[in-house]
Structure formats: structure tokens, C-alpha cells
Amino acid sequence: MSLTNNLSTSMISSSSSAFLAPTSFNASRTQSVSVPLKSLNIVKCVATPQEQQIAYKTKVSRNANIAKLQAGYLFPEVARRRAAHLLKYPNAQVISLGIGDTTEPIPDVITSAMAKRSHALSTLEGYSGYGAEQGEKAVRAALASTFYGNLGIEEDDIFVSDGAKCDISRLQVVFGSDVTMAVQDPSYPAYVDSSVIMGQTGQFQKDVEKYANIEYMRCTPENGFFPDLSTVARTDIIFFCSPNNPTGAAATREQLTRLVQFAKDNGSIIVYDSAYALYMSDNNPRSIFEIPGAKEVAIETASFSKYAGFTGVRLGWTVVPKQLLFSDGFPVAKDFNRIVCTCFNGASNISQAGGLACLSPEGLEAMKEVIGFYKENTKIIVETFNSLGFKVYGGQNAPYVWVHFPGRNSWDVFSEILEKTHIVTTPGSGFGPGGEGFIRVSAFGHRENVLEACRRFQQLYN
Amino acid sequence: MSYSQFLSHVCMPHAVFLQLKTSSKSNAGSRLGHCSKVPRNVNLEKLRSGYLFPEISRHEFEHLQKNPNASLIRLGIGDTTHPIPDTITQAMAEHVRGLSTIQGYRGYGAEQGNMALRKAIAGKFYQDMGIKADEIFVSDGAQCDISRLQLLLGPNVTVAVQDPSFPAYIDSSVVVGQAGELEEETGKYRNITYMNCGPENNFFPDLSTIPRTNVIFFCSPNNPTGHAASWQQLKQLVEFAKANGSIIVYDSAYAAYIRDGSPRSIFEIPGAKEVAIEISSFSKFAGFTGVRLGWTVVPEELKYSNGFPVIKDFNRIVCTCFNGASNIAQAGGLACLSTHGYQALHNVIDYYMENAKILVDGFESLDLNVYGGKNAPYIWVHFPGSNSWNVFREILEKTNIVTVPGRGFGPAGEEYIRISAFGQREHILEASRRLKVYL
């Protein structure tokens with residue numbers, strides 16, 4: 001009897017960095033090869049020490065699409081660096097102006113509605129189980145009348161969700177792997193990352209820092225952060241965010257009219273991310289549906305996260321107009337509804353009770369105050385960088401300040417700022433190659449922290 | 001709510017002809033509609049009808065329209081009905097009130113869930129099984145997790161499901177592009193392996209007849225049959241998966257309903273950590289069907305064929321496609337797992353299982369073959385030779401009771417009806433009375 005070992009043909013690496021390198025995923029079945037150990041004449045049963053045993057692997061191939069992703073999602077990466085920094089400087093007063101995380105308490109009018117709903121779940125009359133996957137009727141109606149009153153968007157065009165990030169992925173599931181997409185460059189990373197996961201893209205091209213098959217629409221100070229559409233190739237889907245994360249740019253009516261026309265001419269679908277609409281100071285459109293014809297070419301996503309401090313509570317919505325059709329005439333809303341019913345089970349009923357309170361007159365007023373508070377933070381940050389001689393963008397219509405560091409690598413600037421001032425920002429290249437040379441400073445924070453941060457920036461850059 | 005009925009014609013540039021049911025607010029009278037040039041996702045075309053449970057709702061709605069005075073009893077969709085114990089809602093309300101204070105305010109949480117909750121889940125359900133808190137991902141429920149797992153696995157894996165089974169496994173498989181074409185004659189998707197589970201095989205598939213697939217969905221206690229797999233059966237399953245290099249996705253959403261000592265977690269079986277993912281939920285355990293909270297366990301030992309840990313990719317999906325369960329729901333979850341909360345929830349489960357017993361006894365007294373109802377809040381009743389949608393309709397017409405036709409759970413569900421045991425006691429008793437009279 002010969003002692004045989006099963007040898008697998010694929011390499012096992014235990015260091016996580018090795019997993020970032022491309023490996024071949026061809027074989028779905030690992031070859032089990034029996035190899036007699038030639039050197040043994042006698043067979044001895046030896047207990048193999050734990051470390052020498054080859055760890056069991058399934059025969060399931062890793063999803064090649066996920067393997068295309070270059071690193072972790074941007075914001076956990078930033079968080080990781082923050083954590084490492086705190087280990088190095090345990091007494092540092094770290095100020096987070098990185099991840100756009102709200103900091104101010106939620107107004108009472110909203111939380112009291114949620115507390116009430118929580119208590120009601122303990123009563124026979126007030127208990128509710130599964131809700132409609134599309135959201136509670138009252139919430140949908142309130143969203144329609146509050147945000148889309150004169151725009152012809154109806155209650156049943158609105159799908160309540162647990163937030164825009166989740167909706168973006170559900171929309172990608174609706175579209176599937178055989179569509180092409182365009183994104184602004186720079187842009188919120190979830191559009192690109194979800195596209196990669198869905199299999200819409202090719203490999204990451206290191207030289208240009210772009211995924212093959214995605215159309216990147218460069219948005220820079222030179223073009224007023226609106227892409228030159230004459231140079232943009234046709235794609236099926238166009239992701240567009242305004243007011244923009246990370247640049248803070250808000251598209252004008254004229255620009256959005258051109259975008260809608262472009263989509264119409266190309267038979268494309270715009271996914272319009274309006275998560276920061278209420279931060280608009282200028283007189284720009286807050287909804288894509290303010291543009292005539294948009295209902296035939298656009299989907300709009302939005303969120304309570306940055307309006308009501310619901311980043312942890314989780315509530316958002318997506319509008320899919322009835323008039324939006326696939327090339328065969330099939331309504332996109334029907335497929336979105338099917339996805340919502342199959343891949344989702346509704347937003348939390350307590351969060352929805354909060355959402356309804358947000359949309360009451362008192363709630364709207366309260367949200368306006370919170371937004372105003374963050375806008376004041378933004379103003380302070382903008383003034384600081386301006387006074388230091390930086391070219392500063394955004395800040396007027398969004399809680400993000402986009403600061404130019406010409407010729408510099410943004411992760412280096414990020415690290416330098418973190419090291420020297422204990423302030424966490426977000427490196428522009430995390431949002432795409434068009435973000436290189438920029439730093440995004442978010443304006444969420446307690447006033448004293450924002451003021452302190454600005455003092456530190458003054459010290460560093462004076 | 002009704003969707004406009006579109007006469008769907010292929011959109012041709014020269015002759016766009018769509019009738020739009022327009023409201024008074026929108027562009028009334030518009031006959032010429034714009035079609036995008038975006039092709040519809042072929043995978044979604046493969047889904048033949050709406051998702052099962054909204055379809056049940058639709059039948060219910062239509063029945064009520066025809067019979068507005070009907071006193072409807074809902075034993076269809078497995079929707080919990082019992083109020084959530086005070087101790088849990090108080091914890092949620094307290095957390096909510098805290099959100100209005102500087103100290104208590106919380107913004108984005110970790111996408112994987114609050115560590116305190118992850119630890120509590122590990123401690124409560126996976127004690128002695130070597131499952132660690134950071135192998136647990138808190139979510140907004142199993143239905144969402146199933147789809148996230150499908151995104152993780154991608155279109156190129158083959159799957160096996162029990163037949164009958166919870167429809168989300170098949171539907172999500174179709175959506176992601178794993179399933180192939182639907183074969184009209186059999187009602188099965190070409191690339192899905194259906195593992196027949198019926199009384200004849202004690203609701204456990206004969207694994208010697210099952211071809212290898214990459215993924216095996218397995219639910220125990222089972223929705224819809226109510227069967228709780230034995231330790232022996234699960235050992236067989238784990239060995240089968242190991243021999244085939246497959247991954248089991250084990251749905252333990254009803255584990256809290258087990259009364260007979262059957263395994264509550266796949267990880268009770270040695271070797272399972274190398275072959276299984278487990279999903280679970282607070283929905284049926286805590287009445288959180290509307291609150292939305294669940295979790296998925298991905299052991300670190302679970303590896304793809306190239307050695308890459310599945311948990312790393314799942315984490316990436318969770319961080320990219322999700323933003324964490326509501327912190328309010330999580331506060332509730334923590335209270336559910338406190339000694340007091342857990343005990344209170346088991347009282348509710350006992351209440352539902354008493355309902356189940358009443359229904360089982362009722363059907364048995366009619367000499368019908370009845371399964372389930374012992375380790376799960378579902379009763380699986382056999383009507384030999386019948387078309388289950390017809391039985392469903394008849395029961396609805398004649399007794400005003402909503403059930404679920406077995407066929408909705410797969411071809412092997414034909415001839416069966418699923419009755420769920422959620423409901424107020426008086427409704428259950430009334431339902432039992434009506435069924436005895438009618439049947």
C-alpha cells in the first residue's frame with residue numbers, strides 16, 4: 001500500500017496581498033492526482049502537523065468579476081488607514097472629514113415618530129409584519145408630493161429602499177451583465193464597483209487606472225465639471241450625480257437638458273443620483289424630472305442619509321417612471337419591481353415611520369436646519385482653503401469641498417494630512433483617475449471639530 | 001396598486017406604437033412613446049410570473065374585491081402576527097431616542113453589523129461550534145442575503161435546490177443567470193438540479209441520484225414542508241458536499257422552531273465549516289418581518305477552488321452593495337438575544353406552534369396526510385391527484401382562507417398546500433372549523 005498524497009494544481013497563498021494579484025481561475029475542478037511517494041519503502045502512518053496539512057478547498061471557482069476589483073471598497077480602505085493611524089498615535093485627536101458620515105443628532109420630531117412606531121409593534125393594533133416591498137403607501141405618497149409634486153411622478157413610480165447604495169446594486173441586477181455604462185470621472189465608487197461585480201466591465205487597466213468597457217466622462221474644473229458629451233461614446237446606462245459627490249458640482253438646467261437630449265438620441269438610460277439635492281444653494285434643478293422628456297430616459301435615486309442623518313437608520317428611494325422602456329417596449333419599472341420583490345423585502349418599518357415624519361412640515365423644517373448646519377461647516381472649510389491660496393471647488397451646493405493639489409499624488413496628500421494634522425480626508429483618486437491631484441474634504445462634523453480642523457489646516461499650509 | 005397594462009409591441013424607430021395609460025398629471029394623450037435602446041435583461045425574461053408571495057397577495061386582493069364582506073383568514077404568506085415583546089421594542093425605542101442626542105447619535109455602522117450584535121449571535125447560536133463574531137454578517141434579512149450570495153457566486157455556478165423550496169433560491173438563480181431556460185413541460189430550469197423531497201424519501205433527497213453542482217441550497221427546518229433534517233441526514237449532506245467540492249447554502253431561518261432535538265445549525269456537523277454558508281433571520285424568530293434583520297455566517301475555512309477565502313469576497317459584496325442593517329433593528333436584535341428577550345420570544349414561538357398543532361390535528365382528523373407543523377410553523381397537506389392552484393382557489397372561494405399552493409414552491413409541490421401557523425388563536429381555531437366543514 002503506498003501512501004498517496006492528493007496534490008492540487010493550484011497554488012495556495014496565505015498572504016492576503018497575493019490575492020490582489022491576478023491568478024488563473026480556469027479550473028473549476030481541481031485535479032486530484034495520486035502520486036506515490038518514491039522515497040518511502042515502508043509505509044508509516046504519520047500524523048501531519050496542522051500547519052503542513054493542505055487546507056481543504058471547494059471546487060467552486062471564485063467569481064472572476066469580483067476578482068477584477070483592485071482593492072477594498074474605498075471607504076473601508078480609508079477607515080483602515082484611520083485605524084492604523086490611531087494605533088500609531090493612540091492619543092491623537094483624530095478629526096474625520098473623510099467618509100461623508102453625518103454627525104448631528106436627528107431632530108426630535110423624527111425620532112419620536114420612530115419611537116412611537118417601535119412601541120406600537122408591541123401592541124395588537126400597531127403590530128405590522130411584512131410591508132409592501134415597494135414601501136408603505138403613505139411614504140410613497142409623501143415622497144411623490146414633496147419632491148415630485150409638479151413633475152408628473154406618481155406614488156407608484158416610487159420605490160422606498162434601505163438606501164441609495166443598495167438601490168444602485170439592485171439597478172445593476174435589473175440591467176444585467178450585457179449593458180455598457182458611463183460614469184463621471186471622478187464619481188462615487190459604488191457605480192463602478194457594482195458594474196464590475198455585475199460583469200459589465202473588462203479588466204482593470206493599470207496604466208490608465210480604468211476598467212475596460214466603462215466609459216469614463218472626465219469632469220474637471222476646465223469643463224465646469226460637466227462632460228463634453230460630443231466626446232462621450234454611446235453607452236446603455238449613464239450614471240450621473242448632481243450635486244456631485246465628490247466634486248460638489250451642481251449641473252445647470254442647460255447642462256441637464258443636454259444630458260437628457262444625449263440620452264434620448266442614444267437611447268440610453270440615465271441613473272440620476274440626487275442624494276444631495278437639498279444641499280443646493282443655486283437655482284439648479286433638484287430632480288432630473290424637472291427636465292422635459294426626462295421621464296422617458298431617466299431613473300432617479302435619492303436618500304434620507306444626508307438630509308436626516310439616516311446614514312445608520314437606512315432609508316432611501318428610487319423613482320422609475322412608467323414611461324421608461326427597454327428597447328422591446330417592456331417597462332423598466334416592471335423589472336425593477338420584480339427585483340425588489342425577489343431580492344429585497346422592504347425597508348425597515350421603523351425607518352419608514354421616521355421617513356414619514358421627515359416629510360411632515362415640521363420634519364422638513366427640521367431637516368432644513370440640519371442641512372443648513374452642515375452647509376455652514378462647508379462654508380468654513382471653503383474659506384479656510386481659499387485663504388490658504390488653494391483652488392477650491394464644490395462646497396456651494398454639496399457638503400463636499402474638492403481641493404486641488406496640482407501635480408501631487410492624492411493618497412500621498414491624504415497620508416501627509418493624516419500624519420501631520422490627524423485629519424482624515426478622502427484621496428481624490430479613490431473616485432477615479434479624474435480625481436487624482438484632488439482631496440475631498442467632507443463637511444460633516446461637530447462645529448468645534450470643523451473649526452479645529454481648519455485651524456490645523458491653517459497651521460500645516462501657512 | 002396596479003401597473004398600467006402596456007400593449008407591448010417591438011419598438012421600431014419609424015412606427016412607435018404604444019398605448020400608455022397616462023394619468024391626468026402626466027403628458028395626457030401621448031401616443032408616441034420613446035423606447036430606449038437598452039436591451040432588457042434576458043435573465044429577467046426567464047421569470048415567468050411575479051414572485052410567489054405578491055401573487056398570493058394579488059389573489060387575496062381580487063377575492064376581497066369580489067367579496068368585500070368576506071372574513072378572510074390569512075394562512076398564506078408566512079407573516080408573523082404576534083406583537084413583539086416589550087423588552088425588545090423598548091430597546092429599539094431607547095436607541096431611537098438616543099439618536100436625538102449627541103452621545104447616542106450613530107451614523108454609518110460597519111457594513112458587517114455592530115460587533116456587539118455579531119458577538120451575541122455567535123455566543124447564542126454558535127457556542128461550541130467555533131464560529132467567530134467576525135464570520136457573522138448582520139443583514140436586513142435572509143431574502144436580501146440570498147441575492148447577495150448569488151451576486152457573490154456569479155452566473156457561472158451550477159445550483160441544486162430542494163423540490164419544493166423557498167422560491168427565492170430559484171428566482172435569484174434565474175436573475176443572476178445561472179438557471180438556463182425554463183422547460184415548460186417540467187416547469188424546471190434547465191441548469192438547476194432539483195432534489196426531490198417528499199414523504200417517500202422522508203423529505204431528504206437521495207443524494208446518490210443527485211449530480212454534482214457547485215452550490216446546494218438546503219433549508220431546515222424546511223419551508224414549505226416543515227421537515228427538520230436529522231443529524232444523520234445533514235452529515236450525509238456535508239459529506240456529499242465535501243466529496244463534490246460543493247458549497248452548501250444552509251437556510252436556518254426556522255431553527256428556533258425545532259422541538260425534537262434536530263440540529264439547529266449546519267455547523268453542528270463536523271467538517272461543515274469547510275463546505276457551508278449559513279443564513280438566518282430574526283423575521284420568524286422575533287416577529288421582525290417588517291423590522292428587517294438577519295445574518296449570514298461565512299466561515300474563514302470556506303475556500304474557492306484556488307484557495308481564496310469566500311469570506312473576503314462576501315465582505316467585499318457587503319461593503320459595496322449594502323450599507324448595513326438599520327441600527328435600530330440591530331438594537332432590537334441585541335435585546336432579542338438577552339436572556340429576558342430570548343425567553344419572551346420563545347413564548348411567542350410556543351404560541352405559533354400551538355397554532356400549528358391545532359391545524360395539524362384538524363387536518364389529521366380529516367384523514368388527510370399532513371406533514372410538518374412539528375418543527376416549523378408550516379403545515380404541508382397532501383391532496384393526492386390535485387392541481388394545487390385549483391385547491392388554493394377552492395379553499396379561498398369556499399372558506400375565505402388564504403393558503404399557498406404547493407406548486408409555487410416547485411414542481412414537486414404539486415398536490416400539496418402549505419398552511420402557515422402564524423395568526424391569532426381565534427383565527428386559527430376559526431380556520432380549523434371552516435376547513436373541517438368544507439373538507
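At what angle do the axes of helix α5 of chain A and helix α9 of chain B cross? Before the answer, some ground rules. This is a predicted model, where local features need pLDDT of at least 70, side-chain atom pairs count only at pLDDT 80 or more, and totals for chains, interfaces and linings use all residues. Residues are numbered from 1 along each chain as its sequence is written, chains are lettered from A and ligands numbered from 1 in the order in which they are written, and side-chain values use heavy atoms, with hydrogens and water left out.

Start with confidence. The model has an ipTM of 0.92 and a pTM of 0.91. Chain B has a mean pLDDT (the predictor's confidence in each residue, from 0 to 100) of 92. In chain B, 93% of residues reach 70 or more. Residues 1-31 of chain B, however, have pLDDT below 50. Where pLDDT is low, the predicted coordinates should not be read in detail.

Now chain A. Of its 462 residues, 59% are buried (under 20% relative accessible area, with a 1.4 Å probe and protein chains only).

Back to the two helices. The axes of α5 (residues 164-175) of chain A and α9 (residues 310-321) of chain B cross at roughly 110° and come within 8 Å. Axes are lines fitted to C-alpha atoms, for helices over the stretch in contact, and angles run from 0 to 180 degrees between N-to-C directions. α5(A) and α9(B) are therefore roughly perpendicular (65 to 115 degrees). Lys165(A), Cys166(A) and Ser169(A) contact (heavy atoms within 4.5 Å) Cys319(B), Thr320(B) and Cys321(B).

A second pair is arranged otherwise. Helix α3 (residues 108-120) of chain A packs with helix α3 (residues 86-98) of chain B at about 175°, the axes being 8 Å apart. α3(A) and α3(B) are therefore roughly antiparallel (over 145 degrees). Residues that meet here include Met114(A) and His119(A) from α3(A), and Met92(B) and Arg97(B) from α3(B).

Finally, look at helix α4 (residues 115-125) of chain B. Leu117(B), Arg118(B), Ile121(B) and Ala122(B) are buried there. Down the axis of α4(B), its buried residues fall within an arc of 140° (taken from the directions from the axis to the C-beta atoms), so they line one face. They pack against β2 (136-139), β10 (294-297) and α10 (327-336) of chain B.

How values were computed
Buried means under 20% relative accessible area, exposed over 50%, partly exposed in between (1.4 Å probe, protein chains only). Helices (H or I, at least four residues) and strands (E, at least two) are DSSP runs, numbered from the N terminus. Angles under 35 degrees count as roughly parallel, over 145 as roughly antiparallel, 65 to 115 as roughly perpendicular and the rest as oblique.
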